[in-house]
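Visitor: I would like a close look at a single part of this model. Please take the pocket and what surrounds it, and keep to what can be read from the structure.

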Amino acid sequence: MGPVDQNNASTAMELTEDEAELYDRQIRLWGVESQKRLRATKILLIGVEGVGAEIAKNIILSGVKSVCLLDSGVVTKEDVNTAQFLAPHEDIGKNRAKSSEARAQNLNPNVEVTSNETKVDEISEEFVHGFDVVIATSCNPNQLIKIDDFCRSKKSGEPIKFFTADVFGMFGYAFADLQQYKWFKEKSLDEEIVSYSSLKEVLNIDLKADEEFKKIVIKNPAYLLFLVLQNFHKTQGRYPLPEHRTEDIELLKSARSSVLDSLTEDPVTALPDEYFT
(Lines give C-alpha, C1' and ligand atoms only; values in the text may rest on other atoms or scores of the structure.)
Protein backbone atom coordinates (compact mmCIF):
# COMPACT_ATOMS: atom_id res chain seq x y z
CA MET A 1 0.00 0.00 0.00
CA GLY A 2 1.35 3.46 -0.83
CA PRO A 3 0.23 7.09 -0.50
CA VAL A 4 -1.39 8.72 -3.47
CA ASP A 5 -2.89 12.19 -3.13
CA GLN A 6 -4.93 12.50 -6.31
CA ASN A 7 -6.81 15.66 -5.34
CA ASN A 8 -3.96 17.92 -6.43
CA ALA A 9 -3.66 16.34 -9.87
CA SER A 10 -5.95 18.86 -11.54
CA THR A 11 -3.84 21.79 -10.33
CA ALA A 12 -0.48 20.24 -11.10
CA MET A 13 1.82 21.97 -13.57
CA GLU A 14 2.95 20.29 -16.75
CA LEU A 15 6.61 19.26 -16.78
CA THR A 16 8.97 20.73 -19.35
CA GLU A 17 11.29 18.46 -21.32
CA ASP A 18 14.23 19.66 -19.21
CA GLU A 19 12.36 18.84 -16.00
CA ALA A 20 11.35 15.41 -17.27
CA GLU A 21 15.01 14.69 -17.98
CA LEU A 22 16.21 16.16 -14.65
CA TYR A 23 13.71 14.16 -12.59
CA ASP A 24 13.90 11.02 -14.71
CA ARG A 25 14.94 8.72 -11.84
CA GLN A 26 12.20 10.04 -9.57
CA ILE A 27 9.59 9.67 -12.28
CA ARG A 28 10.67 6.06 -12.76
CA LEU A 29 10.09 5.54 -9.04
CA TRP A 30 6.71 7.20 -8.48
CA GLY A 31 5.42 8.18 -11.92
CA VAL A 32 4.95 11.39 -13.87
CA GLU A 33 1.63 12.34 -12.20
CA SER A 34 3.24 12.31 -8.75
CA GLN A 35 6.11 14.42 -10.06
CA LYS A 36 3.61 16.90 -11.50
CA ARG A 37 1.91 17.15 -8.11
CA LEU A 38 5.29 17.81 -6.51
CA ARG A 39 5.90 20.51 -9.14
CA ALA A 40 2.77 22.32 -7.92
CA THR A 41 3.64 22.18 -4.20
CA LYS A 42 4.55 25.28 -2.16
CA ILE A 43 6.54 24.54 1.00
CA LEU A 44 7.29 26.62 4.08
CA LEU A 45 10.41 25.44 5.93
CA ILE A 46 10.79 26.94 9.40
CA GLY A 47 14.26 26.77 10.90
CA VAL A 48 17.39 26.49 8.74
CA GLU A 49 19.91 25.03 11.16
CA GLY A 50 21.48 21.61 10.54
CA VAL A 51 18.29 19.57 10.21
CA GLY A 52 16.54 22.35 8.31
CA ALA A 53 19.40 22.66 5.82
CA GLU A 54 19.28 18.93 5.07
CA ILE A 55 15.50 19.02 4.62
CA ALA A 56 15.82 22.07 2.35
CA LYS A 57 18.35 20.28 0.16
CA ASN A 58 16.18 17.20 -0.28
CA ILE A 59 12.91 18.95 -1.06
CA ILE A 60 14.54 21.44 -3.44
CA LEU A 61 16.26 18.63 -5.35
CA SER A 62 12.94 16.76 -5.53
CA GLY A 63 11.46 19.48 -7.77
CA VAL A 64 8.72 21.23 -5.82
CA LYS A 65 7.25 24.54 -7.00
CA SER A 66 8.69 26.76 -4.27
CA VAL A 67 10.40 26.74 -0.88
CA CYS A 68 10.33 29.60 1.61
CA LEU A 69 13.14 29.44 4.17
CA LEU A 70 11.99 31.13 7.39
CA ASP A 71 14.46 31.80 10.21
CA SER A 72 14.95 34.92 12.34
CA GLY A 73 18.26 33.70 13.82
CA VAL A 74 21.77 34.54 12.70
CA VAL A 75 24.50 32.32 11.29
CA THR A 76 26.80 31.06 14.06
CA LYS A 77 30.24 29.43 14.10
CA GLU A 78 28.52 26.20 15.11
CA ASP A 79 26.36 26.43 11.97
CA VAL A 80 29.18 26.77 9.48
CA ASN A 81 31.52 24.33 11.27
CA THR A 82 28.97 21.51 11.51
CA ALA A 83 25.87 20.60 9.53
CA GLN A 84 24.59 23.92 8.17
CA PHE A 85 26.12 23.73 4.69
CA LEU A 86 23.91 26.37 3.03
CA ALA A 87 25.27 29.44 4.85
CA PRO A 88 28.78 30.62 3.86
CA HIS A 89 31.40 31.13 6.56
CA GLU A 90 31.70 34.84 5.82
CA ASP A 91 28.01 35.32 6.72
CA ILE A 92 28.48 34.64 10.44
CA GLY A 93 26.28 37.13 12.29
CA LYS A 94 23.92 37.64 9.35
CA ASN A 95 20.39 36.29 9.08
CA ARG A 96 20.42 32.50 8.65
CA ALA A 97 17.53 32.27 6.16
CA LYS A 98 18.83 35.05 3.91
CA SER A 99 22.36 33.66 4.00
CA SER A 100 21.11 30.20 3.01
CA GLU A 101 19.02 31.39 0.07
CA ALA A 102 21.68 31.57 -2.66
CA ARG A 103 23.20 28.12 -2.14
CA ALA A 104 19.72 26.61 -1.75
CA GLN A 105 18.64 28.19 -5.03
CA ASN A 106 21.73 26.86 -6.80
CA LEU A 107 20.67 23.32 -5.94
CA ASN A 108 17.82 23.52 -8.44
CA PRO A 109 17.11 26.57 -10.65
CA ASN A 110 13.64 25.16 -11.43
CA VAL A 111 12.50 25.70 -7.83
CA GLU A 112 11.67 29.18 -6.54
CA VAL A 113 13.60 29.71 -3.29
CA THR A 114 12.88 32.69 -1.04
CA SER A 115 13.82 33.68 2.50
CA ASN A 116 11.86 35.25 5.34
CA GLU A 117 13.27 36.72 8.58
CA THR A 118 9.98 36.77 10.53
CA LYS A 119 10.12 35.39 14.06
CA VAL A 120 8.17 32.16 14.55
CA ASP A 121 5.97 33.75 17.23
CA GLU A 122 4.94 36.43 14.73
CA ILE A 123 3.82 34.08 11.94
CA SER A 124 0.18 34.69 11.06
CA GLU A 125 -2.52 32.20 10.20
CA GLU A 126 -3.02 33.92 6.83
CA PHE A 127 0.68 33.52 6.02
CA VAL A 128 0.66 29.78 6.80
CA HIS A 129 -2.44 29.30 4.63
CA GLY A 130 -0.40 30.35 1.60
CA PHE A 131 1.45 27.01 1.57
CA ASP A 132 0.63 23.38 0.82
CA VAL A 133 3.15 21.89 3.25
CA VAL A 134 4.72 23.32 6.41
CA ILE A 135 7.87 21.80 7.92
CA ALA A 136 9.00 23.14 11.30
CA THR A 137 12.38 22.59 12.97
CA SER A 138 14.13 24.24 15.95
CA CYS A 139 10.81 25.28 17.52
CA ASN A 140 9.48 24.93 21.07
CA PRO A 141 6.25 23.01 21.82
CA ASN A 142 4.01 26.10 21.98
CA GLN A 143 5.28 27.27 18.60
CA LEU A 144 4.80 23.83 17.02
CA ILE A 145 1.25 23.50 18.35
CA LYS A 146 0.40 26.99 17.09
CA ILE A 147 1.72 26.22 13.59
CA ASP A 148 -0.07 22.87 13.44
CA ASP A 149 -3.31 24.56 14.59
CA PHE A 150 -2.89 27.14 11.81
CA CYS A 151 -2.53 24.30 9.29
CA ARG A 152 -5.70 22.67 10.62
CA SER A 153 -7.69 25.92 10.63
CA LYS A 154 -7.79 26.16 6.84
CA LYS A 155 -11.40 25.46 5.88
CA SER A 156 -11.36 25.29 2.09
CA GLY A 157 -9.28 23.43 -0.46
CA GLU A 158 -6.69 20.80 0.36
CA PRO A 159 -5.54 20.53 4.00
CA ILE A 160 -2.09 21.87 4.77
CA LYS A 161 0.24 19.02 5.64
CA PHE A 162 2.37 19.64 8.74
CA PHE A 163 5.69 18.02 9.62
CA THR A 164 8.15 18.67 12.41
CA ALA A 165 11.53 17.07 13.09
CA ASP A 166 14.70 17.69 15.08
CA VAL A 167 17.89 16.02 16.22
CA PHE A 168 19.50 16.21 19.66
CA GLY A 169 22.87 14.46 19.51
CA MET A 170 22.08 10.75 19.07
CA PHE A 171 18.32 11.25 19.53
CA GLY A 172 15.88 12.57 16.99
CA TYR A 173 12.16 12.68 16.26
CA ALA A 174 9.75 13.26 13.42
CA PHE A 175 6.01 13.97 13.53
CA ALA A 176 3.48 14.23 10.71
CA ASP A 177 -0.06 15.62 10.75
CA LEU A 178 -1.68 15.04 7.36
CA GLN A 179 -5.16 15.48 8.88
CA GLN A 180 -7.40 13.41 6.54
CA TYR A 181 -5.28 11.57 4.00
CA LYS A 182 -6.32 9.25 1.18
CA TRP A 183 -4.41 6.05 0.51
CA PHE A 184 -5.01 3.72 -2.38
CA LYS A 185 -4.19 0.02 -2.40
CA GLU A 186 -1.89 -0.57 -5.33
CA LYS A 187 -3.68 -3.57 -6.82
CA SER A 188 -7.34 -2.87 -6.15
CA LEU A 189 -7.12 0.94 -5.92
CA ASP A 190 -9.59 0.76 -3.03
CA GLU A 191 -9.62 4.07 -1.20
CA GLU A 192 -8.78 4.24 2.50
CA ILE A 193 -8.99 7.37 4.64
CA VAL A 194 -6.38 7.78 7.37
CA SER A 195 -7.06 10.27 10.17
CA TYR A 196 -4.05 11.84 11.86
CA SER A 197 -3.90 13.24 15.38
CA SER A 198 -2.90 16.86 15.93
CA LEU A 199 0.36 17.64 17.72
CA LYS A 200 -1.62 19.09 20.61
CA GLU A 201 -3.39 15.76 21.10
CA VAL A 202 -0.12 13.81 20.93
CA LEU A 203 1.62 16.05 23.48
CA ASN A 204 -1.27 15.76 25.92
CA ILE A 205 -1.82 12.01 26.05
CA ASP A 206 -2.63 10.85 29.60
CA LEU A 207 -0.44 7.80 30.10
CA LYS A 208 -2.21 6.89 33.32
CA ALA A 209 -5.51 6.66 31.45
CA ASP A 210 -4.25 5.21 28.16
CA GLU A 211 -3.01 1.76 29.14
CA GLU A 212 -2.24 0.62 25.59
CA PHE A 213 -0.02 3.62 24.83
CA LYS A 214 1.59 3.26 28.26
CA LYS A 215 2.73 -0.27 27.35
CA ILE A 216 4.39 1.06 24.20
CA VAL A 217 6.16 3.85 26.10
CA ILE A 218 7.51 1.47 28.76
CA LYS A 219 9.15 -0.64 26.05
CA ASN A 220 10.55 2.42 24.25
CA PRO A 221 10.69 5.67 26.27
CA ALA A 222 11.51 7.82 23.21
CA TYR A 223 8.17 9.62 23.59
CA LEU A 224 8.99 10.57 27.19
CA LEU A 225 12.45 11.78 26.17
CA PHE A 226 10.84 13.86 23.44
CA LEU A 227 8.54 15.50 26.02
CA VAL A 228 11.46 16.25 28.35
CA LEU A 229 13.59 17.77 25.59
CA GLN A 230 10.70 19.91 24.41
CA ASN A 231 10.14 21.11 27.98
CA PHE A 232 13.86 21.94 28.22
CA HIS A 233 13.65 23.99 25.03
CA LYS A 234 10.52 25.76 26.25
CA THR A 235 12.00 26.76 29.63
CA GLN A 236 15.62 27.40 28.61
CA GLY A 237 15.06 28.85 25.13
CA ARG A 238 17.63 26.46 23.67
CA TYR A 239 18.53 22.79 23.38
CA PRO A 240 21.14 21.05 25.59
CA LEU A 241 24.70 21.97 24.62
CA PRO A 242 27.98 20.02 25.05
CA GLU A 243 29.68 23.01 26.69
CA HIS A 244 26.96 23.10 29.35
CA ARG A 245 26.93 19.34 29.88
CA THR A 246 27.00 19.20 33.69
CA GLU A 247 24.50 22.02 34.10
CA ASP A 248 22.19 20.71 31.37
CA ILE A 249 22.05 17.18 32.78
CA GLU A 250 20.63 18.60 35.99
CA LEU A 251 18.20 20.77 34.04
CA LEU A 252 17.06 17.71 32.09
CA LYS A 253 16.45 15.81 35.32
CA SER A 254 14.43 18.73 36.59
CA ALA A 255 12.45 18.79 33.34
CA ARG A 256 11.83 15.05 33.72
CA SER A 257 10.23 15.62 37.10
CA SER A 258 8.20 18.55 35.84
CA VAL A 259 6.87 16.71 32.80
CA LEU A 260 6.52 13.11 33.94
CA ASP A 261 5.23 13.44 37.51
CA SER A 262 1.70 13.77 36.21
CA LEU A 263 2.11 11.05 33.57
CA THR A 264 3.83 8.18 35.36
CA GLU A 265 4.05 6.84 38.88
CA ASP A 266 7.87 6.73 38.80
CA PRO A 267 9.54 9.19 36.37
CA VAL A 268 13.09 7.96 37.12
CA THR A 269 12.19 4.35 36.33
CA ALA A 270 10.28 5.40 33.21
CA LEU A 271 13.20 7.53 31.96
CA PRO A 272 16.47 6.59 33.71
CA ASP A 273 19.41 8.98 34.17
CA GLU A 274 21.40 7.09 31.53
CA TYR A 275 19.36 8.82 28.82
CA PHE A 276 20.89 12.15 29.87
CA THR A 277 24.55 11.15 30.24
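Guide: In this predicted model, the largest pocket lies between domain 1 (17-204) and domain 2 (211-276), because both domains give residues to its lining. The volume of the largest pocket is about 1,400 Å³. Its lining is made up of 48 residues, and those nearest the centre are Val167, Phe168, Tyr239, Pro240 and Leu241. Sorted by class, the lining holds 21 nonpolar, 16 polar and 11 charged residues.

Several elements supply at least two lining residues each: helix 4 (50-62), helix 5 (77-81), strand 6 (161-168), helix 11 (222-236) and helix 12 (245-260). Helix 12 gives the most, with 4 residues.

Strand 6 deserves a separate look. Of its 8 residues, 6 are buried, so the strand is mostly covered. On one side there is strand 5 (residues 133-136), which pairs with strand 6 in the parallel sense over 4 bridges. In this pairing, isoleucine 135 stands opposite phenylalanine 163 of strand 6. Between strand 5 and strand 6 the chain passes through helix 8 (residues 141-152), and this β-α-β crossover is right-handed.

Strand 6 also pairs with strand 7 (residues 171-177), here in the antiparallel sense and over 7 bridges. Valine 167, one of the residues nearest the pocket centre, stands opposite glycine 172 in strand 7. Strand 6 and strand 7 form a hairpin with 2 residues between them, and glycine 169 in the turn has a positive phi of about 65°.

Note on methods:
Residues numbered from 1 in each chain as written. Predicted model: local features only at pLDDT ≥ 70, side-chain atom pairs only at ≥ 80, totals over all residues. Heavy atoms only, no water. 1 Å grid on protein atoms, 1.4 Å probe; cavity = no way out; pocket = protein on both sides within 12 Å on 5 of 7 lines; lining within 4 Å. Points joined across faces, edges and corners; volume = space filled by probe spheres on them. Nonpolar A, V, L, I, M, F, W, Y, C, P; charged D, E, K, R; others polar. Domains from an automatic or database assignment. Buried < 20%, exposed > 50% of the residue type's maximum accessible area, 1.4 Å probe, protein only. Pairing = 2+ DSSP bridges. Right-handed = clockwise from strand over helix to strand, strands pointing away.
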